[in-house]
Amino acid sequence: AAADAQAVIDARGALIGVERRRFTVLAEGLQWPDLSSGLPQVRLVDDEHAVDATFLVARIEIDLDAETTSYELFG
């Protein structure tokens, strides 16, 4: 039925219709995120990529030798 087809199209559009972006960001200095409070979120502001939004942290990499923390952000 046409109504069923439209319902499927609307559901698919809701899943893939929103733009998602992924960034790898090097934080300033060594950071230890508090994972006990839930999934970390980071606000990224970057004029070069026209970004000013909050992202979920998909991956955290802490390099103790270089004393750096990098995040892979998704949102």
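This is a predicted model: local features need pLDDT of at least 70, side-chain atom pairs count only at pLDDT 80 or more; totals for chains, interfaces and linings use all residues.

Visitor: In what pattern do they follow along the sequence?

Guide: Reading along the sequence, you get α-β-β-β-β. The chain is more spread out than a compact globule, because its radius of gyration is 18 Å, well over the 11 Å that the globule rule gives for 75 residues.

Visitor: What box do the C-alpha atoms fill?

Guide: Taken along the principal axes, the box is roughly 60 × 30 × 20 Å.

Visitor: And what share of the residues is buried?

Guide: Buried residues make up 16% of the 75 in the chain. The accessible surface comes to about 5,800 Å², and 52% of that belongs to carbon and sulfur atoms.

Visitor: How many positive and negative side chains are there?

Guide: There are 6 positive and 14 negative ones, and the centres of the two sets lie 8 Å apart.

Visitor: On to the strands. How do β2 and β3 run, and how many bridges join them?

Guide: β2 covers residues 41–46 and β3 covers residues 51–63; they run antiparallel, with six bridges joining them. Glutamine 41, for instance, stands opposite leucine 56 in β3. Arginine 43 has threonine 54 in β3 as its bridge partner.

Visitor: What do β2 and β3 form, and how many residues sit between them?

Guide: They form a hairpin with four residues between the strands. One to look at is alanine 50, which lies in the loop between β2 and β3. Its phi is near 55 degrees, a positive value in a residue other than glycine.

Visitor: Why point that out?

Guide: Most residues other than glycine have a negative phi.

Visitor: Is alanine 50 buried or exposed?

Guide: Alanine 50 counts as exposed, because its relative accessibility is 66% and the cut-off for exposed is over 50%.

Visitor: Next hairpin, then. How many bridges join β3 to β4?

Guide: Seven, and those two strands run antiparallel. As one example, isoleucine 60 has tyrosine 71 in β4 as its bridge partner.

Visitor: Which residue takes a positive phi in the hairpin of β3 and β4?

Guide: That's glutamate 67, with a phi near 55 degrees, in a hairpin that has four residues between its strands. Glutamate 67 lies in the loop between β3 and β4, the latter being residues 68–74.

Visitor: Buried or exposed, that glutamate 67?

Guide: Glutamate 67 is exposed, with a relative accessible area of 52%.

Visitor: Let's go into β4 itself. Is glutamate 72 buried or exposed?

Guide: Glutamate 72 lies in strand β4. At 16% relative accessibility, it counts as buried, since buried means under 20%.

Visitor: Which residues is glutamate 72 in contact with?

Guide: Leaving aside neighbours within four places in sequence, glutamate 72 is in contact with Arg22, Phe23, Thr24, Leu56, Val57, Ala58 and Arg59.

Visitor: What about serine 70, buried or exposed?

Guide: Serine 70, found in strand β4, is buried, with a relative accessible area of 13%. Not counting residues up to four places away in sequence, serine 70 touches Val25, Leu26, Arg59, Ile60 and Glu61.

Visitor: You mentioned Leu26 there. Where is leucine 26 found?

Guide: Leucine 26 is in strand β1, which covers residues 22–26. At 60% relative accessibility, leucine 26 counts as exposed. With neighbours within four places in sequence left aside, leucine 26 is in contact with Thr68, Thr69 and Ser70.

Visitor: How many residues apart in sequence are leucine 26 and glutamate 72?

Guide: They are 46 residues apart in sequence and 8.9 Å apart in space, C-alpha to C-alpha.

Visitor: One last thing: of the contacts between residues at least 6 apart in sequence, what share joins residues at least 24 apart?

Guide: For this chain, that share is 52%.

Note on methods: Residues are numbered from 1 along each chain as its sequence is written. Side-chain values use heavy atoms; hydrogens and water are left out. The radius of gyration is taken over C-alpha atoms; the globule rule is 2.2 Å times the number of residues to the power 0.38. Buried means under 20% relative accessible area, exposed over 50%, partly exposed in between (1.4 Å probe, protein chains only). Contact means heavy atoms within 4.5 Å. Accessible areas come from the Shrake-Rupley method with a 1.4 Å probe; for residues, only the protein chains shown count as cover. Lys and Arg count as positive and Asp and Glu as negative; His and the chain ends are not counted. The place of a charge is taken as NZ of Lys, CZ of Arg, CG of Asp or CD of Glu. Two strands pair if DSSP finds at least two bridges between them.
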